[in-house]
Amino acid sequence: MILKQKLLVGAAGLLLAAAASAPDIVCAQTESTGAAPPAPASAPKKDREQTTVDELVVTGSHLKHTQYNSPAPVQIITTQDSKLEGQFGAGAILQGSTAAAGYVQINNQFSGYVVNGGAGVDSLSLRGLGGQRTLVLLNGRRLNPAGVSGTVAAVDLNVIPDALVDRYEILKDGASSIYGSDAIGGVVNIITRDKFDGLNIETNDALPTTGAGDQFEVAVSGGRVRDNYHILFGLQYFQQNALKIKDLPGGACPLELQRLPTGGGYKFGRSYADGSAYCANTQTNYVEDYSTGGTWVYDASKGALFPYSPFQQDSFGTVPRQTNIATDPRTADVDAISPSQRAAFTLIGGVDLPNHMEFYFEDLVTNRRSQQAAFLPQLFPSSDQDIVNVSYSPFNPFGDYVAPILTMPVAQDSQNVWAGRALFGLRGDFGSLLHGWTWDSSIVYGFSRATYRTQTVLTDRFENALNVVVAPAGTNPALVRTNPLDGLGYTCAVNVGNPSSNCHPLDMFESSAALATDPALAYIRTFDSGYTNYDQVVFDATANGPLFKLPAGEVQGVVGIEARYDQIYDYPGKYAVANDYYGLSSAGITKGNDDVIELYVEGEAPLIKGVPLIDMLTLNASGRFTDYRTGGQDTTYKVGLNWQIVPSLRVRATYGTSFRGPALYENYLAAQTSYTYATDPCQNYGASASPTSNLYKNCASEGLPTNFVGYSSTPEVFTQGALGRLKSETSKNLTVGPVWQPSFADLQVSVTYFHIEVDNEIATLGAANILNLCYDSAQFRNGSPYCTLVSSRDANNNIALINDSYLNIAEQIVSGIDMSASYRRKFSFGEFSFDGDATYAIEDKQELFPGSGFTNYTGTFGEPRWVANAQFRFKHDDWLVAWTMNYLGDQSEYSLTGETPGGRYLEYQKAQLYHTLSLTYEGDKWRATVGVRDLFNTYPPVISNNPDTAYASRVGEFANGYGNLNLYGRTVFLTLSKDF
């Protein structure tokens with residue numbers, strides 16, 4: 001990832017058992033850019049299983065290769081093998097690959113978080129470099145972004161027509177010289193079936209034994225293949241039901257899971273005076289008294305005049321650690337996995353034309369409807385003026401400056417996204433004019449039309465509801481609230497002159513339970529509706545064929561041109577545009593466009609053949625010139641070397657550069673404001689920091705006492721695009737490693753080292769990062785680049801503004817080792833096969849500004865050092881048994897938080913190993929698979945509820961915010977497929 005966003009069997013043995021897909025070798029795409037021989041109509045079942053093709057277009061090159069001689073590391077994942085694992089849908093399949101699963105992935109585990117593309121989006125981040133640095137192709141051509149909000153940039157994997165997907169090819173190195181901008185972390189080519197004769201109906205079901213989070217899919221596909229044309233259609237519907245936090249182990253009442261200073265297990269936390277468990281949910285119903293520094297807890301037993309008791313909690317280390325601050329059980333109703341529904345229609349075909357030409361087309365329309373029971377929002381004064389307004393309320397029983405905190409019912413958000421594309425192309429050959437040369441040209445229009453609803457409190461209504469007066473005679477009784485402190489009836493001041501305002505007075509000192517049904521909540525809280533339009537037009541044309549002959553063979557070449565236009569228009573809703581969201585993000589209208597034109601060439605030359613230790617040596621080289629209207633010009637290149645030492649041993653290597661121009665939102669995002677929940681770095685710095693530390697010195701230099709309680713007003717965070725101030729990103733990518741294919745067995749093994757360096761990454765730092773980096777810097781206000789983003793403290797020692805707009809950070813370096821293995825063997829009683837792959841991450845280190853120092857995130861939460869997948873299969877006649885294993889290595893946060901391993905907080909997740917068992921029967925025209933995913937009901941390890949601001953938040957008792965957790969538990973799945 002760009003900046004690690006804190007949203008809130010041994011490895012060696014498993015490696016051989018988990019090393020997928022033949023040595024990063026692809027049975028790749030039958031040439032989508034040239035005429036391929038049509039498949040026979042109604043091919044027999046056994047014939048349909050064969051995938052060997054003489055010449056292929058492998059992802060990572062525009063040139064033809066045999067299936068085992070690609071110079072670049074490419075992995076194939078077939079839809080059929082994924083269904084043996086009980087996975088269906090592009091998001092689950094691709095995010096589970098080893099190039100992705102070891103890093104943060106955005107999906108519907110991010111309920112309530114602000115993510116690029118908006119809630120409900122599924123994007124893919126290869127090597128942890130972010131969705132906008134992973135290029136996604138559909139049948140070899142760029143797929144357009146989709147989603148909601150002004151930050152649409154990455155492809156939404158919900159757009160993929162799962163019913164027609166044949167396989168997924170993952171190119172695991174940079175490829176901007178081949179495919180253009182964005183191909184920094186890698187390229188995914190999603191390949192559909194293009195020729196099928198007949199009709200197929202398929203259903204997929206996944207039923208977790210928890211009784212929640214079930215999935216259902218039904219698909220109908222059919223087509224015809226004739227001598228001069230072929231056509232294929234697909235219809236599908238998919239539904240993901242919600243999995244709530246309460247459906248997880250410990251989710252209904254998650255514990256704090258701390259360890260006593262005297263040792264023991266991580267069971268300790270707080271409890272109530274009666275001994276009942278204290279659930280680590282959202283705290284509610286308490287008041288911070290700024291005049292006395294005390295905390296008061298709502299206590300209805302004390303009577304209506306002053307329903308509060310002092311906060312009571314013993315110091316850490318005593319048993320029990322009592323508290324009287326209530327937590328809200330409605331937290332358990334928040335989505336751990338949010339629900340969604342999607343439907344898709346696809347039409348693919350081609351018609352032969354005279355003179356060896358073919359007209360072809362691909363049309364796709366999808367609809368995604370997603371919803372989130374997003375989070376349990378708190379209601380509290382977020383500025384000094386709000387504290388004054390609340391404190392002077394006639395409902396205030398304290399009579400001084402206070403900040404009450406209530407919780408509202410769970411926020412409900414939703415999205416409705418229509419997306420798709422229309423592709424039309426013409427291809428053929430040059431005949432006798434250029435013998436052996438073919439050409440291909442196409443134009444693609446991609447679109448996304450989305451609407452979205454956000455539930456929010458409105459600032460003007462909140463202030464109206466607080467500004468109350470004694471109700472004049474004749475005031476509508478429904479708009480009058482009796483004050484228990486003085487017995488008088490109050491109404492909103494705005495009602496006096498304008499009764500149609502229908503404002504209900506708000507008592508911030510009532511209970512959260514009473515607030516849930518208070519008409520004042522219905523008045524201040526509403527839904528805001530916005531819409532997002534995204535359009536993309538791409539034209540490309542290529543020609544390829546033989547150039548000349550060398551002693552070792554023929555030299556092949558490719559030339560091409562691509563032009564692309566993108567535009568976005570996001571209207572986030574009238575209340576957002578009016579900056580009327582209370583305590584939440586608000587935004588302006590994002591509008592902008594960009595265009596790019598690119599010229600590229602590629603060539604491949606066999607240099608040496610048939611000499612000792614060089615069975616074949618082939619050089620592949622490519623180059624591309626890119627000219628962005630807003631991002632400038634750049635030239636990228638890539639060189640690949642394929643050295644076949646002996647028939648059984650090959651070494652391959654690639655080195656190249658890649659490029660990414662700023663995304664539309666990074667240039668044009670309209671000003672957005674929000675509030676940070678980051679703790680003031682100077683809060684009680686006398687106890688938390690050493691007197692020799694930069695933090696201590698910087699806080700003291702501002703005249704703050706060592707027991708400073710922190711800012712009383714939450715800083716506002718400002719974010720917007722930076723058109724004209726951003727440089728384009730550049731990167732260097734190296735891969736190298738051997739491929740072993742012995743003659744004595746149907747075995748392929750590969751090991752590939754990868755190293756990626758990205759310069760001038762475009763990112764936002766995050767308000768908490770900016771604050772901490774500023775106050776930890778040696779220069780502080782005298783030159784720290786971080787402190788230029790933080791306003792000076794005002795007379796009340798508050799920080800008014802943090803500028804978290806897009807900027808170029810210094811560098812990110814990602815490196816590791818991919819290992820893959822594939823094995824097949826036939827016996828008299830059946831056939832055994834195995835595919836496995838594993839990734840060992842060496843580093844993911846980031847430097848924000850030159851000289852600021854690198855931070856290595858490898859091994860921390862969301863980035864396990866080891867990730868591995870393996871699948872064993874045994875086929876006997878029409879029966880197939882499959883055993884799949886998925887492994888995530890251990891993860892620790894101690895290096896980031898500075899906590900002591902084994903100390904008070906559990907910041908460590910042990911390694912996780914998940915097992916899936918399935919049984920398949922295949923008849924002549926039907927197929928059935930039944931299985932159990934997560935056979936042993938293995939949930940992620942639990943972690944502590946640590947208040948450290950650098951530490952992960954939780955979903956129940958599990959780490960949250962990474963998208964790579966298995967939260968479903970044991971799940972039964974069933975696939976039924978019938979041909980007609």
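This report walks through some sheets, a helix and the nonpolar cores of the structure above.

## About the model

This is a predicted model, in which local features need pLDDT of at least 70 and side-chain atom pairs count only at pLDDT 80 or more, while totals for chains, interfaces and linings use all residues. Residues are numbered from 1 along each chain as its sequence is written, and side-chain values use heavy atoms, with hydrogens and water left out.

Helices (H or I, at least four residues) and strands (E, at least two) are DSSP runs, numbered from the N terminus.

## Two open sheets

Let us start with the sheets. Strands of a sheet pair through backbone hydrogen bonds, either parallel or antiparallel. Here, two strands count as paired if DSSP finds at least two bridges between them.

Another open sheet has four strands, ordered β33-β38-β39-β43, with mixed pairing. Its edge strands, β33 (586–587) and β43 (801–803), each pair on one side only. Two bridges link β33 with strand β38 (residues 672–675) in the antiparallel sense, and Q672 in β38 is the bridge partner of A587.

Next comes strand β49 (residues 879–888). Seven of its 10 residues are buried (under 20% relative accessible area, where over 50% is exposed and anything in between partly exposed; 1.4 Å probe, protein chains only).

Which strands pair with β49 through 10 bridges? One is strand β48 (residues 866–876), which runs antiparallel to β49; in this pair, A868 stands opposite Y887. The other is strand β52 (residues 912–922), also joined to β49 by 10 antiparallel bridges, with L919 in β52 as the bridge partner of V881. The hairpin of β48 and β49 has two residues between the strands, and D877 takes a positive phi near 55° there.

## A buried glutamine

Is Q644 buried or exposed? Q644, in strand β36 (residues 632–646), is buried because its relative accessible area is 17%. Leaving aside neighbours within four places in sequence, Q644 is in contact (heavy atoms within 4.5 Å) with L613, I614, D615, M616, L649 and R650.

## Helix α15 and the cores

Helix α15 (residues 694–701) has L695, Y696, N698 and C699 among its buried residues. The buried residues of α15 pack against α14 (685–688) and α16 (767–775). After the helix comes G703, with a positive phi near 75°.

A nonpolar core is a set of buried Ala, Val, Leu, Ile, Met, Phe, Trp, Tyr and Cys residues joined through side-chain atoms within 4.5 Å. The largest one has 29 residues, and those with the most contacts inside it are C682, C699, L765, L771, C774, Y775 and I799. Both α15 and α16 supply at least two residues of this core, and the largest share, five residues, comes from α16. Setting aside its neighbours within four places in sequence, C682 is in contact with C699, L704, F708, Y775 and R793. Apart from this core lies another, of 26 residues, including L379, L466, Y490 and L521.
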